[in-house]
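Please examine the sequence and the model shown below. The paragraphs that follow lead through selected parts of the structure.

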Amino acid sequence: MKKLRHLLNTDIYRWLKQCMTGKWGALSVIIILNVIISLSGAVLAIVSKQVIDHAVQNSMRVSGIYAIAFALILILQLALSSILTLRTVKLREAMNNDLQRNFMDRLYRAEWSAAGKYHSGDLLTHLTNDVANVTDGLVNTLPSIISLIAQFAAAFITLLYFDKTLALFAFLLGPVSVLISWYIGSRLKKMQHQIQAAESRYRSLLHECVQNLLIVKTFEHEQDSLQKVQASQANRLFWILKRTRFNVAADLTMGIGYRLGFFLAFIWGAYRISIGAASFGMFTAFLQLVGQIQGPLEGLARSFPVLIAMITSAERLIVFQKLESENKRESLPAIRDGISGLQMEHVVYGYEANKPILTGVSLRIQPGELIALIGTSGEGKTTLLRLLLALIKPQTGDVCIIGKDHERISLSADTRSYFSYVPQGNTLFSGTIADNLRIGHPSATEEEINAATQAACARGFIEKLPQGIDTVIGEHGSGLSEGQAQRIAIARALLRPAPILLLDEATSALDMDTEWTVLQNIRNLQPPRTCIAITHRLSVFDVCDHIYRLSKGQLLEQKKELVTH
Ligand SMILES: Nc1ncnc2c1ncn2[C@@H]1O[C@H](COP(=O)(O)OP(=O)(O)OP(=O)(O)O)[C@@H](O)[C@H]1O
């Protein structure tokens, strides 16, 4: 009973129905085409009986007319099959794209801390395998099940008309098939979850190996890495083979049953001819119809694993639908373009309960000030920026933006539009330098781009590149030096029309003079921007208005003279 309830989980069906919104028409056409093609099989059996019986009775003209009808049905079947293929591919691709877009949308809307728990390889498995399983189930398997049922019903009724005993015998196979399929289904579902989990682990590993190619090579880690891949492949193979063995055993059991049924029907038909109870035409129609009853039953049993894969994948995708959303309103607050300050009061935050990283941080930054944030590694400097970006929320305390007229705006996903951010590490996309810069401001003019690259000390080296700003760079800025990539990331942040700039060791790869010039340029921006720069360099302190040190979860202002000497 519990298994039954699990298989009939209404959440899944509600979600699948939602996936089909706007596509019922296209799916209906596919179902109708499938049903027509299936039913034409029963018509073909009746027509073939007429062709043979009239030929045996020497009425060749009537037999010929039926033969033409037979040929026309075959042509119709071919034509409808081609249309069906085209329609199915179109709907499948549309569904695939919608589901993938919807998944990405959920991911972007979800709380950063919740979405960040997933490995990128796992997310890719959801985006590809699970989405493909759901589309395949809805677009291919579902219409095929309906047409198989129609085919079964039509063949059964026709057979009932010709021979009641055989029809009832064939019908008995129905409930038996359903029971066997149900048993197979409930066992397969568990295996399918294991397979998808193994697939996710495998992809995650491959993804990391490819991303860290440089580390693997320079640490001569090739053999270890390949061994890890092999172990993960073995685990994945174990589950795939387990499922395949189970499927083969189930197929074999059913196959033997169906072939035995066909054999008995054959003997029965031969016996009926021998006693003169059936014609030769009836005998051929007979065998076709028995095939058309058993075929659907076999087909239905084969559809079961695909349906189970669809349900399992739907369950995995639904988990993402339930990730907490950020509640973004997407309206731009009024003072976004003005100068803003910041205030933090007694902020406490920890990623895990009872393990606070920030234990009572208070800070006030006046509009237009440039603040240096220092502290030993792991003290929580990046965490503080994440709080400002509302990627995480303080457990207690208050953080707000102070507007030009001293109005307070509490932080939320919406106030992210007040901030521009340069995170640690290389965060460039593959594409041209211009594409990367326009992430900061999609409609930026050439003058704005020039001003931003100039302020970030990036204009000089960009102009020396043969393609200039249209130079194509690789993944994570490959083709550029670390310092050049950092300057493009800073220019991208400067282009964003946001009053507060957050720099997380954004100048760490620059030489001291360039770093100093970049910060000085930021200081001289018009309109001025409030800026927090996390840095470990003493040289930049004289550009800053204040220096704060994060230590043991508390923020303390440092005198410049004390830090620099
Ligand atoms: N997503 C996360 N989940 C759990 N713990 C985290 C997470 N990110 C950081 N931490 C932990 O929080 C603490 C502060 O990390 P944070 O990155 O803020 O330090 P930091 O001062 O910026 O360090 P660094 O100077 O090395 O960049 C560290 O102990 C780190 O292990």
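Is Ser 147 buried or exposed? Ser 147 has 24 C-beta neighbours inside 10 Å and therefore counts as buried; a residue is buried if 20 or more other C-beta atoms lie within 10 Å of its own, exposed if 12 or fewer, and partly exposed in between, with C-beta atoms placed from the backbone. This is a predicted model, in which local features need pLDDT of at least 70 and side-chain atom pairs count only at pLDDT 80 or more, while totals for chains, interfaces and linings use all residues. Residues are numbered from 1 along each chain as its sequence is written.

Ser 147 lies in helix 6 (residues 120-162); helices (H or I, at least four residues) and strands (E, at least two) are DSSP runs, numbered from the N terminus. Leaving aside residues up to four places away in sequence, Ser 147 touches Asn 34, Val 35, Ile 37 and Ser 38, contact being defined by C-beta atoms, placed from the backbone, that lie within 7 Å. Val 518, by comparison, is 371 residues from Ser 147 in sequence and 68 Å from it in space, C-alpha to C-alpha.

The nonpolar cores come next. A nonpolar core is a set of buried Ala, Val, Leu, Ile, Met, Phe, Trp, Tyr and Cys residues joined through C-beta atoms within 7 Å. The largest one has 65 residues, and Leu 388, Ala 456, Ile 490, Ala 491, Leu 502 and Ala 533 have the most contacts inside it. Helix 15 (residues 482-495) supplies the largest share of this core, eight residues. Among the residues that Ala 491 touches, not counting those up to four places away in sequence, are Leu 437, Ala 452 and Ala 456. A second, separate core of 44 residues includes Phe 156, Ala 285, Phe 304 and Ile 311.

Helix 11 (residues 381-388) is mostly covered, with six of its eight residues buried. Among these are Lys 381, Arg 386 and Leu 388. Ala 390 is found in the loop between helix 11 and strand 4 (396-402), and with 20 other C-beta atoms within 10 Å it is buried.

The backbone also deserves attention. Most residues other than glycine have a negative phi, and most peptide bonds are trans. Phi of Ala 390, however, is positive, near 60 degrees. His 346, in strand 1 (residues 341-349), has a positive phi of about 45 degrees. His 346 counts as partly exposed because it has 13 C-beta neighbours inside 10 Å. A cis peptide bond, with omega about -5 degrees, joins Gln 526 and Pro 527.

Notes. Two residues are in contact if their C-beta atoms, placed from the backbone, lie within 7 Å.
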